[in-house]
Number of protein chains: 4
Amino acid sequence: MGFQFTRKLTIEWGHCDPAGIVFNPRFFEFFDWSTALLLQAALGMAKRDLVAAYGIVGIPLVDTRANFLAPSRVGDEIEIASCVATIGRSSFEIDHKLFNANQLAVSGHEKRVWAGRDAQTGKLKSQPMPEDVVRKLKGV
Amino acid sequence: MGFQFTRKLTIEWGHCDPAGIVFNPRFFEFFDWSTALLLQAALGMAKRDLVAAYGIVGIPLVDTRANFLAPSRVGDEIEIASCVATIGRSSFEIDHKLFNANQLAVSGHEKRVWAGRDAQTGKLKSQPMPEDVVRKLKGV
Amino acid sequence: MGFQFTRKLTIEWGHCDPAGIVFNPRFFEFFDWSTALLLQAALGMAKRDLVAAYGIVGIPLVDTRANFLAPSRVGDEIEIASCVATIGRSSFEIDHKLFNANQLAVSGHEKRVWAGRDAQTGKLKSQPMPEDVVRKLKGV
Amino acid sequence: MGFQFTRKLTIEWGHCDPAGIVFNPRFFEFFDWSTALLLQAALGMAKRDLVAAYGIVGIPLVDTRANFLAPSRVGDEIEIASCVATIGRSSFEIDHKLFNANQLAVSGHEKRVWAGRDAQTGKLKSQPMPEDVVRKLKGV
């Protein structure tokens, strides 16, 4: 298990739906930003600066999933603990655990690709992650 | 494979992020509403009326996932084809395929539970789906 | 009163809050996209093409407001009628009227600026709208 | 000028649009939640508890507006200073000032109504605010 990042947030009125619980797409918003903060903490620069520093186009999400175990409601104070779960040659995976009152409420997962642009087609194309990025994501 | 429902929509400016592509949580918004429309078409009533008609509390999402295969951008006309993929005793699964210019761009999946309330604990609890609901979701 | 554009949409589950009514920021999403569609219909090209065609940076929103007269709920079929209300030298205003069951439910208003970039400071700067744009926004 | 409440937040990737700046409806999300926090701080209870404590149905927004003076971008640390601007018999107004790098970037305004339900029609109806609520909103 690699680099870890934890943050707290409060569930807002506008995060919730007519059932009074968080509308599921909001959890993917929370996870997306947790990943941005994790990467910034691990790599020491904001996502936008990674592009210039490493000559990549971005770190697009290719796969995501979530299991919803317990509902969260307006005013709930939650904690999202994120960690780098696996590191491949040109991609990595992040696990997000969202706790509400110390109970695991949502378990999320992302797979992201270290992506440049193919010189010929102009399309996004995965490329090997630099050694220092791998080392930092491992948190060692 | 069971009941199917297809709809079209246009990607809006506000669906997209600074990379100029749809921000991933928006796809879960699209899928959530496609499921509501599929259920309404299959069962012949709006989601809110199901609650009264069948004595349930709701049909909460317990699992979801998506694979992102190609980006979508503002102004793109997309099609979402949804179908009931599997039907269990008290839950069912829906597959969503989002096409952009006839290319599969996002593949999504939801598992939802037919849920009542436990008389003793007051918590949500899965319960067997009525025969007519199963038959209608099968689309036969 | 200038160019007019009307569209219909259905209120979705995810547009609504725990009170069961549309969460107010969603109306500004609706209006933003109605403006994009109105401009596309009036000027004959998508917002992103305006930038190239007219050498502008964008048409940023500088002022907006809304009055909420009646609530809208999931499943409601609404109509948004938008029109160019006033046209200045380098800005214009758009009125949005959102009807629910033929009743005016929200009245919205936007002021947008025709903006280029100041050659010296690099900042956005309003500039005179071309004659053909003015004529098309007037709808004459 | 009445009760004041200030909070800080960071602009997230998902708050921004393809122009790289905050999509305007997000500011109304920010203001809505700032108002909830201001009321909670002023009245000493969460919005949902007000309903039971004062026999009201809610505090619906009837009018809102915003002026956009400078753009905000991903990673920007902003501060929102909110205050009760005027207090009527059955409504009150809140001003929101959003600062980015100590510069006023958005100026927002809300009018909210203290609302019960009309015994005959069942519709929302403004009602006089209790004396202690008025006093607390005045911040005296």
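User: Which helix is E29(D) found in?

Analyst: E29(D) sits in helix α1 of chain D. Keep in mind that this is a predicted model.

User: Is E29(D) buried or exposed?

Analyst: E29(D) counts as buried, because its relative accessibility is 11% and the cut-off for buried is under 20%.

User: What does E29(D) touch, leaving out residues up to four places away in sequence?

Analyst: E29(D) touches R26(A), F23(C) and P25(C).

User: What about the whole helix, how many residues of α1(D) are buried?

Analyst: In α1(D), 17 of the 20 residues are buried, so the helix is largely enclosed by the rest of the structure.

User: And how far apart are the end C-alpha atoms of α1(D)?

Analyst: They are 29 Å apart. At 1.5 Å a residue, the 20 residues of α1(D) should span 28 Å, so the two values agree.

User: What comes just after α1(D)?

Analyst: G44(D) does, and this residue takes a positive phi of about 75°.

User: Back to packing. How do α1 of chain C and α1 of chain D cross?

Analyst: Both helices cover residues 24-43 of their chains. Their axes come within 8 Å and cross at roughly 170°. An angle over 145 degrees counts as roughly antiparallel, so α1(C) is roughly antiparallel to α1(D).

User: Which residues meet there?

Analyst: From α1(C), the residues are N24(C), P25(C), F28(C), E29(C) and D32(C). They meet N24(D), P25(D), F28(D), E29(D) and D32(D) in α1(D). The residues of this contact divide into four nonpolar, two polar and four charged.

User: OK, new topic: aromatic rings. How many aromatic pairs are there over all chains?

Analyst: A search of the whole structure finds 18 aromatic pairs. One of them is formed by Y54(A) and W114(A). Their rings are 5.5 Å apart, centre to centre, with 70° between the planes, and the pair is edge-to-face.

User: Where do Y54(A) and W114(A) lie in chain A?

Analyst: Y54(A) lies in helix α2 (residues 47-54), and W114(A) is in the loop between β5 (103-113) and β6 (115-117). The pair therefore ties together parts of chain A that are 60 residues apart in sequence.

User: Are Y54(A) and W114(A) buried or exposed?

Analyst: Y54(A) is buried, with a relative accessible area of 19%. W114(A) is buried too, with a value of 1%.

User: You listed F28(C) earlier. What kind of pair does F28(C) form with F31(C)?

Analyst: The ring centres of F28(C) and F31(C) are 6.4 Å apart and the planes are at 85°, so the pair is edge-to-face. Both residues lie in helix α1 of chain C, three residues apart, which is about one turn of the helix. F28(C) counts as buried at 2% relative accessibility, and F31(C) is buried with a relative accessible area of 1%.

User: How far is D63(C) from E110(C), in sequence and in space?

Analyst: The two are 47 residues apart in sequence and 5.8 Å apart in space, C-alpha to C-alpha.

User: What does D63(C) touch?

Analyst: Not counting residues up to four places away in sequence, D63(C) touches H109(C), E110(C) and K111(C), along with A66(D), N67(D) and F68(D) from chain D.

User: How much of chain A is buried?

Analyst: Buried residues make up 52% of its 140 residues. Helix α1 of chain A is mostly covered, with 18 of its 20 residues buried.

User: And what follows α1(A)?

Analyst: G44(A) follows α1(A), and its phi is positive, near 75°.

Notes. Residues are numbered from 1 along each chain as its sequence is written. Chains are lettered from A and ligands numbered from 1 in the order in which they are written. This is a predicted model: local features need pLDDT of at least 70, side-chain atom pairs count only at pLDDT 80 or more; totals for chains, interfaces and linings use all residues. Side-chain values use heavy atoms; hydrogens and water are left out. Axes are lines fitted to C-alpha atoms, for helices over the stretch in contact, and angles run from 0 to 180 degrees between N-to-C directions. Helices (H or I, at least four residues) and strands (E, at least two) are DSSP runs, numbered from the N terminus. Angles under 35 degrees count as roughly parallel, over 145 as roughly antiparallel, 65 to 115 as roughly perpendicular and the rest as oblique. Contact means heavy atoms within 4.5 Å. Ala, Val, Leu, Ile, Met, Phe, Trp, Tyr, Cys and Pro count as nonpolar, Asp, Glu, Lys and Arg as charged, and the others, Gly among them, as polar. The expected span of a helix is 1.5 Å times one less than its number of residues. Buried means under 20% relative accessible area, exposed over 50%, partly exposed in between (1.4 Å probe, protein chains only). Rings of Phe, Tyr and Trp (its six-membered ring) pair if their centres lie within 6.5 Å; planes under 30 degrees apart count as stacked, over 60 as edge-to-face and the rest as tilted.
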